Amino acid sequence: MIRTIRNIHQSFSHFWKRKNPFSFSESQQLQLASDLIPFGIWEYDLLSGFITWNQPMYQLFGVQPHEFDHTLSAFKDIIHPEDRSGVEDVIHHAIHCPNQQKSIIFRIQGPNQLVKHIRGNIKLLYNHKKEPIKLTGVCIDITRQKSIEVQLKKERDKAELYLDSVEAMVVVLNKDASIRLINQAGCKITGYEEKDLFSKDWYEVFAPIETRQEAKAAFLKIINGEAVYLEYYEREILTKSGELRCIAWRNRLLYNEQNNIIGVLATGIDITAKVQAEKESEDMRKMYKDIFENSVSPMLICDSYLRYKDVNPAACELLGYSREELLKMHVWQLTRPDMQMSTMMLWSDFIATKHQTGTIELYKKDGTKLIVEYQATSEFTPGMHFCSLMDITDKKTAERKLMSQNEKLRKIAWLQSHEVRKPLANILGLLSLMESQKTHTEHGYVFQYLKQSSDELDQIIRNIIEKTKAVDA
């Protein structure tokens, strides 16, 4: 506005010098200019101390001519108390530092406590003897402009607060890849301070040396319209400490009013931990896959609909089915048809308890019956259930054989304890009778041998009975 006034002032000055043989004073020229653009004009006579205002000045300051006594003191009373000392300093400086136009912004407090913001220019005038005689100047109401500036500052502060409060890294690059802006999150991630990065080449600072030239060349092609920019991509940056961080970027091109590209706005999320976790998860998944595939224990995975979703080679070998065949089957299809209901009941218990062990009969593809011990875990991953098997068919067969042998032993023991021992008991009874009647004197040594053998046989039978009892226990 001041520049506009000055231009109008100069235009009137040149105009009147060309068209009018009489020269106008500077204050007269300002008065003419104010007729087109209303602004306050004032003069302060240094000798009389009298202040002269034009009509717009009264309107600007919200007073009537009869209410203003045209003194410097009255003028200061209108100025906002907090700005009076500043205005006094500018007036003092204008008087004692001639040949310099002074400017100031101050507030006035008008009727109803209404505050206006005023921009003023002050200049010292001289007489023909080069003696200072007046201070003159202009005043313009910039309240609306100031209000806009305050609002813009609030919006800017709010934007900066948003930028600094978000966890995302926000970067603005110029066309030459120099850094125009980086927020606090960006500084925290990279380890730099904002002042250290301003106007620095992004790629020289952050791009790993092995990809630096290629990355910057791609950026310049996008800026020059020679390539299509990617709205999303993931790329590593080099931090101040030399650490590589993986950033997920989302970009937007910035345009000026002529629709020309002037830079790039990029927001980035540090996904280093996520990428590392995914890599570790992938490594772990591969390790478990290797264990699953190479384990000698048969392993099966099924979903909540009891459909097999994965089986290892050991399970295929045990059951006689190919992997493709098993993946088309349900759990109950490996059991007897009459066991489907009991299998479903086992499944319900399994889901409720999360873990289950037991023994079950399964049937191979060729119809051979298997007896297996199983260990099952539900929801080892969402919707998936794991089961490992151990073939105990031979063990169960051996157990049945052993039980059969034990039964035979028990029968033999019973036979010995009842059938064999009965005649032995008779013999022992007769020997006892003969001994009591002394009928054995003629063949005493034969009698002794017979009794001794009978006692030994009795003891052997007793030992067999005791061992049979131990087996039953």
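Colleague: Why are the side chains of Lys274 and Glu278 said to meet in a salt bridge?

Modeller: The N to O distance between Lys274 and Glu278 is 2.8 Å. A salt bridge requires a side-chain nitrogen of Lys or Arg within 4 Å of a carboxyl oxygen of Asp or Glu, and the pair therefore qualifies. In general, side chains of opposite charge can pair when their charged atoms come close. Please note that this is a predicted model, in which local features need pLDDT of at least 70 and side-chain atom pairs count only at pLDDT 80 or more, while totals for chains, interfaces and linings use all residues. Residues are numbered from 1 along each chain as its sequence is written, and side-chain values use heavy atoms, with hydrogens and water left out.

Colleague: Where do Lys274 and Glu278 lie?

Modeller: Both belong to helix H11, four residues apart, which is about one turn of the helix. Helices (H or I, at least four residues) and strands (E, at least two) are DSSP runs, numbered from the N terminus.

Colleague: Why is Lys274 called partly exposed?

Modeller: Buried means under 20% relative accessible area, exposed over 50%, and partly exposed in between (1.4 Å probe, protein chains only). Lys274 has 45% relative accessibility, so it counts as partly exposed. Glu278, at 42%, also counts as partly exposed.

Colleague: How many salt bridges does the rule give?

Modeller: The count comes to 24. Among them is the pair of Arg245 and Glu243, at 2.7 Å from N to O. Glu243 has a relative accessibility of 38% and so counts as partly exposed.

Colleague: What makes Asp310 and Lys289 a salt bridge?

Modeller: Their closest N and O atoms are 3.1 Å apart. The pair links distant parts of the chain, with Asp310 in strand S12 (residues 308-311) and Lys289 in helix H11, 21 residues apart. Asp310 is called buried because its relative accessibility is 12%, whereas Lys289 is partly exposed at 31%. Salt bridges that share partners join Lys289, Glu293, Asp310 and Arg323 into one network.

Colleague: What makes Met284, Met287, Tyr288 and Ile291 a nonpolar patch?

Modeller: A patch consists of residues with over 30% relative accessible area and no salt bridge; like charges are joined within 9 Å, and nonpolar side chains (Val, Leu, Ile, Met, Phe, Trp, Tyr) within 5 Å. The four residues together have about 390 Å² of accessible area on the surface, an area computed by the Shrake-Rupley method with a 1.4 Å probe, where for residues only the protein chains shown count as cover. Tyr288, which is placed in helix H11 (residues 272-294), has 51% relative accessibility and therefore counts as exposed.

Colleague: How do you know that the span of helix H14 is close to the expected one?

Modeller: The expected span is 1.5 Å times one less than the number of residues. H14 (residues 340-353) has 14 residues and reaches 20 Å from its first C-alpha to its last, close to the expected 20 Å.

Colleague: Which residues of H14 are buried, and how do you know that they line one face?

Modeller: Thr343, Trp347 and Phe350 are buried. Seen down the axis of H14, the buried residues fall within an arc of 60 degrees, so they line one face of the helix; the arc is that of the directions from the helix axis to the C-beta atoms. Met341, Met345 and Ala352, on the other side of H14, are exposed. The buried residues pack against strands S11 (299-303), S13 (355-363), S14 (369-381) and S15 (384-391).

Colleague: Why is Thr343 called buried?

Modeller: Its relative accessibility is 6%, so Thr343 counts as buried. Leaving aside neighbours within four places in sequence, Thr343 is in contact with Val331, Trp332 and Thr335, where contact means heavy atoms within 4.5 Å.

Colleague: What follows H14?

Modeller: Lys354 follows H14, in the loop between H14 and S13. Phi of Lys354 is near 75 degrees, a positive value in a residue other than glycine. Lys354 has 46% relative accessibility and therefore counts as partly exposed.

Colleague: Is Lys130 buried or exposed?

Modeller: Lys130 is exposed, because its relative accessible area is 68%. Lys130 lies in the loop between strand S4 (115-126) and strand S5 (132-141), and has a positive phi of about 65 degrees although it is not a glycine.
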